[in-house]
Amino acid sequence: MSNFLSSSIGKKTVMALTGLFLCVFLVEHLYGNLLLYANDGGAAFIEYSHTLVHSILIRSIEVVLFIAIIVHVVQAVYLTKQNSDARPVKYSVNKVNETSTWFSRNMGITGSFILFFIVVHLYHYFVPYRIMDTVGGPGQINVAQAVKIGLQDPVYAGFYFFSVCLLAFHLNHGFQGAFQTLGLSNKRYAPFLKMAGTGFAVLMFVGFASFPVLFYFGLAGGTF
Amino acid sequence: MNLTLKVWRQKNSKEAGNFSTYQVNDITPDMSFLELFDVLNERLIAKGEEPVAFDHDCREGICGMCSMFINGRAHGPWQGTTTCQLHMRAFNDGDTIVVEPWRAAGFPVLKDLVVDRSAFDRVIAAGGFVSANTGNAQDANCLPVPKPDADDAFAAAACIGCGACVAACKNSSAMLFVSAKVSQLALLPQGQVERESRALNMVKQMDEEGFGSCTLTGSCEAACPKEISLENIARLNREYLMANLKKGLF
């Protein structure tokens, strides 16, 4: 195991598996968020949030989720360092943009920003609801109202929107790359995987970007 | 054609190098890029200066010896072309052309534009061979090989080991090279005996040589003079994962 995990392909395999797990989480997270559009004063979303917190299974998966994020980030940092060391003297002229896209080369930059977003996002919603107990209790604002208040702030809504844009580009490259790393691609599958990756990225973008847009412009959450 | 060349000059692997600028006049568009350097070197020798060291051998695009990073591209601007097959008609009169050696920790510069690519030889020595007796031509013809496998193996075997994939990759990854060599043997019956050990040992050696990992940017495929497909990298990942699973991860 240690030989495999310390190899370059082993590290990439860990990146791919944790990345795909995080993709599954995104789908689940999007489903939960879409309950905000139920037009029931936020009842479905509040009920959903309550269920998540009180399910042992979900709480266990939550631990795995945090571990997956940490492993994905730590491996990325390690690989980036190793890859940078593989070229100690850089080219003075390198037209690398003629042979590859900026987003495929800079998964570290988009990933770092997404990590920053996750930290801010957790601070905004996870910490008050789950740790500080300042949201969702008797006499306090509920989770649906917390979402609405957060996304009506132009700075946070803009930051959220921009982060989702970067997430989409990260997914566009990462999704198909994960299958390539796991050896699940060949010349017949590759075009479909590329399309599936782009499709998934677009879906996640449209889904998640809708929240800052609709809430900021007052097109959602009117009954909260 | 009159050209300005900015060429990387480095005395040896120990000393730091820098760019020297040369004005090279009266170049014909029909010359190859290496012939441009032949002309430059003759003029340098005539002036009593040290000629530019560069690798070359067959000058027919099949040996994989030439290795120049020209104007920001491995083997220059033409697709599927080695430096020796790049012709001066790819450039315009008055152009400034920047020429650097392959830059990678695994390919240390020996002198000027010459790099040490023996890391690739060590990767091959680690497993890029078959020890089964493959017999003579008629014996090989007796072994049934499905046509798609034969085609894929042949396409992978087209790799000439020039190192353009490493030079072009932002991570100096040798995955395209290693995957081509693993693929050509994994697809054929003669390669089955050492299939797992080959994947394990070649990847281990690749990592030890200091090459980076694959981030699927596709630069290697775009730079490869033999247009080796990224599909091979997926196959190498698969071979390596399966070999580890068979060996036992724990």
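What covers the buried residues of H2(B)? Among the elements that do so are H6 and helix H7 (195-208) of chain B.

This is a predicted model, in which local features need pLDDT of at least 70, side-chain atom pairs count only at pLDDT 80 or more, and totals for chains, interfaces and linings use all residues. Residues are numbered from 1 along each chain as its sequence is written, and chains are lettered from A in the order in which they are written.

Helices here are DSSP runs (H or I, at least four residues), numbered from the N terminus. Helix H2 (residues 118-125) of chain B has Ala119(B), Phe120(B) and Val123(B) as its buried residues; buried means that 20 or more other C-beta atoms lie within 10 Å of the residue's own, with C-beta atoms placed from the backbone. These residues lie on the same side of H2(B), because they cover an arc of only 100° around the axis, taken from the directions from the helix axis to the C-beta atoms.

A nonpolar core is a set of buried Ala, Val, Leu, Ile, Met, Phe, Trp, Tyr and Cys residues joined through C-beta atoms within 7 Å.

| Core | Residues | Members include |
|---|---|---|
| Largest | 75 residues | Cys165(B), Val178(B) |
| Second, separate | 24 residues | Met15(A), Leu167(A), Ala168(A), Phe211(A) |

In the largest core, Cys165(B) and Val178(B) touch the most other members. Helix H6 (residues 175-186) of chain B gives this core its largest share, eight residues. Domain 1 (3-114) and domain 2 (118-247) of chain B both contribute residues, so the core lies between them; the domain bounds come from an automatic or database domain assignment.

Note on methods. Buried ≥ 20, exposed ≤ 12 C-beta atoms within 10 Å, placed from the backbone. Helix = DSSP H or I, 4+ residues; strand = E, 2+ residues; numbered from the N terminus. Contact = placed C-beta atoms within 7 Å.
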